[in-house]
Amino acid sequence: MAVVEEVSGGRGLDITRGAKAALLVLAVGITCRLLGAQFDWLVAWPEALTVPMTDWVGAVVGWFLSVFKPVARAFSYLISFPMEWVGAVLRYSPWPLTVGLVTALGWLIGGARMAALGFFGLSFVVISGYWTEGMNTLALVAVSVPLAAIMGMAIGIAAFEFPRFKGAVNALLDIMQTVPTFAYLTPLIVLFGFGPVVGLIASAIYAAPPMARNVLLGLERVEEDIREAAVMSGGTRRQQLFLIELPAAGQQIMVGFNQCLMAALSMVIIAAVIGGFKDIGWEVLLTMRKAQFGPAFLAGTVIVVFAVVIDRMSAALAEPREPQSKRVALGIFAIGAGVALWSVFAGWSPNGVAWLDGWAEAVDAGVGTFTANNGATLDAVKNTSMFYGLLPLRIGLADAVLPFTWGFQWTAMHSLMFFAASAAIGGLLAWRDHLTAGVVVVIAALLLEIGIAQAPWPLMLVGAAALGWVASGWKLVRLVVILLGLILISGLWERALLSLYLSGASVAACAFVGGVLGFLSAMSTRVWTVVRPICDMLQTIPLFVFLIPVLMFFQIGEFSAFLAICMYAVVPMIRYTRQGLISTPEEMIEAATASGAGKWQTMFEVRAPYAAPTILLGLNQTILYAFAMLVIAALIGTTGLGQSIYLALGQADVGLGVTAGAAMAILALVADRLVQGFAEERRKALGL
Amino acid sequence: MTDKNSTAPAIAVEGLWQVFGEHAEKALRTAREAATNPEDFHAVAEDLMARGLIPAVRDANFEVKAGELFVIMGLSGSGKSTLIRCISRLIEPTAGSVRIDGEDILKANEKRLIDLRRNKLGMVFQHFGLFPHMTVTDNVAFPLKMQGAGKAERRKRAHEVLELVGLNGREDAYPRNLSGGQRQRVGIARSLAVNPDIWFLDEPFSALDPLIRRQLQDEFLNIQATLQKSIVFITHDIQEALKLADRIAIMRDGEVVQIGTPEDIVLRPVNDYVREFTRDVPKGRHARVESVMLDKTPDSMPDDPKLKVGMRLDIALERCMDLYEPVPVWDDAGNMVGAVNPAELAAALHVDDDTGGAA
């Protein structure tokens, strides 16, 4: 809600749009707080008015699925063959051959650097002892990526060729990407049955949208002159498209292919929770469940190595580059083949050499010792954050402040004092012409006293609608109210609030930490040289792997989930903040300098306002990332929608899986539209 | 073309409208019906704009003769780029007709249009429009490939046109390895690959720096001197227009305000807008003595500074500095063809110094 203040605060003495909205929300909030005790329906949506949406959706989707089931099973049967073949080839090829091949490929793509990356990356997999599992994962990726790429290519081209469908296609892509990954899996299991094919299909579905988007973007960005030159050369539409426009969009399409690969890898690993296939994701999950952190860490590292190798190599494809000598590549491959031949005679082990088993145990023992020795500190960190941060946010100060933790019991008197203090601060702000900010402070205090998970529904609904009104207008208000209303009457509201609370807390933490890091990176290149590789790394790692380190130190629980979400979601905030701050046009900086502004003045008076739309987009990404991770974090203990989706997966409960997934997507969508609205408003205000 | 009279226009544009906006065709029809005089395109355009449509080209009428270099000049937003795209049918005009060698190409179907483009039309673009994934040779040979020419033939022809534009030796380079001037040479070579009759050039030299621009203009004139294409050339640079054109059409707000030879434009601007353009142009350089010859030759002419018909005005004036009576004008064969009043020579040269000088 701080956004309201930033956008509309201090515009003048008149009551601005933001102030009006904030006052309305405050009025609703106070009414609910005062009358909530007498009228239950003001706090919790009355049970009588909920509809069994979950059952209905279950019935409809279930029927729908049963119709398509035979087709799906046939498809699943067909696709299992190429999957088997690719798997067999990868598994039974002696690993020196595969290592040689990948190294040679790396050489062709990016010379010595990529060759070294391929060689050391795959060699690590060999000595980790997870070669077979790794190859199984790779086989899934190798089959799902072509599927996804073809699908994405077709969707992208169709959206470009028939602009009438573009809106619909974009909406579909939005849905495909905001519906949490776990939620896909439940209906897919019903359709395709348990087994690796589900992971394959799920990853193909998940990986197609980035491809489609980039194909569309690439085609749209082909210069008008190039397009017209193709027309004037007398090409037919098909010739124009395939001989000129698609190749001219090649780099953007390769960017899409890179994202497609990464999405597929990420999803293949997530899909391992279904089990039934001895791949590397399953290995992580299994060891994690058994609290064998060493092997889990080792297997997780193997995933990261795969991710880095695949990412960097495919990203290099999107860069303009000079061709490398083919002879060297052949030489590398020949060496690999030679070693492979020798290794077969020398007794080749299909599972790699597993030199690192001892190392895994050492890690395990090390972590054990560390947690044993520093248990008190770790617990203190965890408990402090829980009792003084997360818990009050969730259930409100009124319930969270107990003698056991805070040293005193919260009473009505405390509430009164708390409100009085916030009203004083708010009043002061209002008096200093920041009316909106003042009202927002009081609303925030109110919310903190009640707790997000226990917030009265009228307050949340009106609050979201008011944000929509300020951000964009009545159209957005309508969308927000309808979508949130759906969650409300479906009976998933309380779980949605729990999800909102955890993601909200993570986003707030990310916004702060990411904002500061982004700011520092913008101010000093030295900071950026440290932060940048970390960001690159965090963005490459599949979601799943984030769970391992937090589990190692903080065990299962909400705090671990919170940390995992933050680690994943902080990256866009850092990047966009820095990007926004450094991309101020040089002339504006020079004008500021010429006006006598110092470094910090330039930063706050010129750079920061100019960067606001970009930073808001970063916040938007952070929110979407947080929602995506929230569902994965359900594996290590969160409540709310994520947990429901995970449970539904275990019981193949399509109704619950789909509705909870949809509710999650709605939350993400609403947050996305609100922040985009503010970003758009800012861009317009700056004339960008 | 051979069966046609050589004076028949290569391109004839008649009543051409390009209106952007929703239901443009219908809006234009109703606007015309509503106008008291449908020929009054100002009123029609006003009406369209009042409805939120954008009339980018308003009732354009002109002809380009075979072998003529026709320049369309205007500032950005004047509709010149839209106009050339209508003529080449890169966009669909809202109303009117465009005849190329007598054939109304706005009525041509997709197949015929592709056929025309493969054989008869060539176009050069402001930002070159080179295909980034193809070598210079492949770029130049692309229209030939569309024609269905074999690989050997394509290479041979590409080599020929590349030689014509002075780019041999760079056949295997990619566009990204070339300088701006070299890129446009490739663009020119590509547009000439199929040896088209009609050559469209959309601000071909505007993206280049002044030295390269002048060099390419000169080479372009040389190429045109040998190939004698029928050309529509777009520019926003009056100097370029005057230097290259056989005739110039000046556009403003979608409307062709004046069509004439460079001399007409410089010496007889139809309104202040055109005059403003040519204000800084050294008049004498673009007009010849014949343009100011008297209707009647006086009986006695005491002085003879030996003026020739094709002499530039500034040079002629230099010879008449102290003369006040009309003087004779001679042709190359030595026959007297008319007379010129020195005062009018001076007046023609300072045609707008009267307005400009007062300021």
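This is a predicted model: local features need pLDDT of at least 70, side-chain atom pairs count only at pLDDT 80 or more; totals for chains, interfaces and linings use all residues.

## Composition of chain B

Chain B contains 14 helices and 13 strands. Along the principal axes, the C-alpha atoms of chain B occupy a box of roughly 70 × 60 × 45 Å.

Chain B comprises 359 residues, of which 41% count as buried. When contacts in chain B between residues at least 6 apart in sequence are considered, 67% of them join residues at least 24 apart.

## Domains of chain B

Two domains are assigned in chain B: domain 1 spans 64–96 + 104–278, and domain 2 spans 284–358. Their centres, taken over C-alpha atoms, are separated by 36 Å. Contact between the two involves 6 residues from domain 1 of chain B and 7 residues from domain 2 of chain B. On the side of domain 1 that touches domain 2, helix H10 (residues 262–267) of chain B gives the most, with 4 residues. By residue class, that side of domain 1 divides into 4 nonpolar, no polar and 2 charged.

An unreviewed UniProt entry annotates residues 36–278 of chain B as "domain: ABC transporter". Within the model, the end C-alpha atoms of residues 36–278 of chain B lie 35 Å apart, and the span is 43% helix and 22% strand.

## An antiparallel sheet in chain B

In chain B, 4 strands form an open sheet with the order E2-E1-E4-E5 and antiparallel pairing. Its edge strands are E2 (54–65) and E5 (103–104) of chain B, each of which pairs on one side only.

Strand E1 (residues 9–20) of chain B pairs with E2(B) in the antiparallel sense over 8 bridges. In this pairing, Leu16(B) stands opposite Ala60(B) of E2(B). Helix H1 (residues 24–34) of chain B packs on the sheet, where H1 touches E1 and strand E4 (95–100) of chain B. The direction of H1(B) makes about 95° with that of E1(B).

## Contact between chains A and B

The contact between the chains takes 16 residues from chain A and 19 residues from chain B. On the side of chain A that touches chain B, helix H9 (224–232) and helix H10 (237–248) of chain A each supply at least two residues. H9(A) gives the most to that side, with 6 residues. The residues of chain A on this side divide into 7 nonpolar, 6 polar and 3 charged.

Which residues of helix H4 (residues 110–119) of chain B are buried? They are Leu116(B), Arg117(B) and Arg118(B). These buried residues of H4(B) pack against H9 of chain A, and also against strand E6 (121–124) and helix H5 (136–147) of chain B.

## Annotated region of chain A

For chain A, the UniProt annotation "domain: ABC transmembrane type-1", from an unreviewed entry, covers residues 134–314 and 496–675. In the model, residues 496–675 of chain A are 86% helix and 0% strand, and the end C-alpha atoms of this span lie 19 Å apart.

Terms used:
Residues are numbered from 1 along each chain as its sequence is written. Chains are lettered from A and ligands numbered from 1 in the order in which they are written. Two strands pair if DSSP finds at least two bridges between them. Axes are lines fitted to C-alpha atoms, for helices over the stretch in contact, and angles run from 0 to 180 degrees between N-to-C directions. Ala, Val, Leu, Ile, Met, Phe, Trp, Tyr, Cys and Pro count as nonpolar, Asp, Glu, Lys and Arg as charged, and the others, Gly among them, as polar. UniProt positions are given in the numbering used here, feature names are shortened, and annotations may be inferred rather than shown by experiment. A residue is buried if 20 or more other C-beta atoms lie within 10 Å of its own, exposed if 12 or fewer, and partly exposed in between; C-beta atoms are placed from the backbone. Domain bounds come from an automatic or database domain assignment.
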